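Dear colleague,

Please find the structure below, together with its sequence. My notes on what was found in it follow.

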Amino acid sequence: MTSTPSSSQVPGSQASAAVAAATDTTEENVVHISDGEEQAAGPGKKRKQYSKVWNDFTQVCVDGKWKAKCKHCGKNLSAVSRNGTTHLKTHLTSCPLNNKRPGDKIQTNLRFGTTEKGAVSVENYVFDQEVARKALYSMIILHEYPLSIVDHHGFRKFVSALQPLFKMGTRNTIRRDIMHFYEGEKRKARIFLQRTNCRVAVTTDLWTADNQKRGYMAVTGHFIDDSWMLKSCILRFMYVPCPHTAEAICDALHKCLQSWDIDRRVSTVTLDNCSTNDSMIGLMETRLSATNMLLRGKWLHMRCCAHILNLIVKDGMEVIASAVSNIRDSIAYWVATPKS
């Protein structure tokens, strides 16, 4: 229980303010902590804040302990005065949601750029480690570079020549950055799908890699958004262990649809024209339930027209295989014959 200071101890209007602060249990107690002072602040002890770091924090009481809540990301840090404010300043430099204000002191450099008309211009440039790291793993994703590129001596030397301030990470760091980026993009796509009320047409294909002899399956979703625009996104690219039976393919596809919460909104499933897929569709109909499917699953299975056309062309090429071979031999003869 907090004792109430008497009017003899606090003169004048300060006595009434102290009594009101001690007796009002509904008002949140605020602790003012100065930079460099070691005295612990308790409820009702108001002190002036000298550090500018408190412009980005608010003081809250969590489980009886005072915390400094970041106004940008909402993270709670220690707000005991004996800990100082160094850790709060460190958090502001690494806070991902802390936008740099114009009044902050930021070291800027000059760099040469080009305008839309091709003229050379000089502009201010501020190096950002996070922006550079994002550009690095985005380049690896876009061009399908191996993760070991960050360990190559030549690549490290090239990056150091461009920007000596950039700290190159290891392949494990890049892998974590890519996975975090994937989770963020997946979260955005899932929220976008949940906001739409349309059904999703699914296309999937399964093939075996020549170098690893492993089977992989890609699942793509196609839907029309609220603006009547056709959208397509890869839902999952997964490894399917052997044997590639109808049950194994059905389990992998059904888990993918459940992870995106679209198992009740599937309109059609487009597959290759093979007997395994025909059996897989029969299993999928029992798991999706006829009440949740379009026309009770009458048009659930759609055969890939491109695959059927490829089979027709392949059969036609086998009929004229001998003629094609003779034409190739003739062309090779005329190309190899020296000109007179």
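Arg171 is partly exposed, at a relative accessible area of 37%; by the convention used here, buried means under 20% relative accessible area, exposed over 50%, and partly exposed in between (1.4 Å probe, protein chains only). This is a predicted model, in which local features need pLDDT of at least 70 and side-chain atom pairs count only at pLDDT 80 or more, while totals for chains, interfaces and linings use all residues. Residues are numbered from 1 along each chain as its sequence is written, and side-chain values use heavy atoms, with hydrogens and water left out.

Salt bridges

The structure holds five salt bridges, a salt bridge being a side-chain nitrogen of Lys or Arg within 4 Å of a carboxyl oxygen of Asp or Glu. In one of them, Arg171 meets Asp151 at 2.9 Å, N to O. This pair links distant parts of the chain, 20 residues apart: Arg171 belongs to helix H5 (residues 171–195), and Asp151 to the loop between helix H3 (129–143) and helix H4 (153–162). Helices (H or I, at least four residues) and strands (E, at least two) are DSSP runs, numbered from the N terminus. Asp151 is also partly exposed, with a relative accessible area of 34%.

A further salt bridge joins Arg287 to Asp251, with the closest N and O atoms 2.5 Å apart. Because Arg287 lies in helix H7 (residues 275–288) and Asp251 in helix H6 (residues 246–259), the pair ties together parts that are 36 residues apart in sequence.

Asp278 and Arg303 form another, the closest N and O atoms being 3.2 Å apart. Here Asp278 lies in helix H7 and Arg303 in strand E10, so parts 25 residues apart in sequence are tied together.

The sheet

Five strands make an open sheet of mixed pairing, in the order E8-E7-E6-E9-E10; two strands pair if DSSP finds at least two bridges between them. Strand E8 (230–240) and strand E10 (301–303) stand at the edges, each with a single partner strand, so one side of each has no neighbour in the sheet.

Strand E6 (residues 200–208) pairs with strand E9 (residues 266–271) in the parallel sense over three bridges. Val200 has Val266 of E9 as its bridge partner, and Thr203 has Thr270 of E9. Strand E7 (residues 215–224) runs antiparallel to E6, and eight bridges join the two; among these, Val202 is partnered by Gly221 of E7. The hairpin of E6 and E7 has six residues between the strands, where Lys213 takes a positive phi near 60 degrees.

With kind regards
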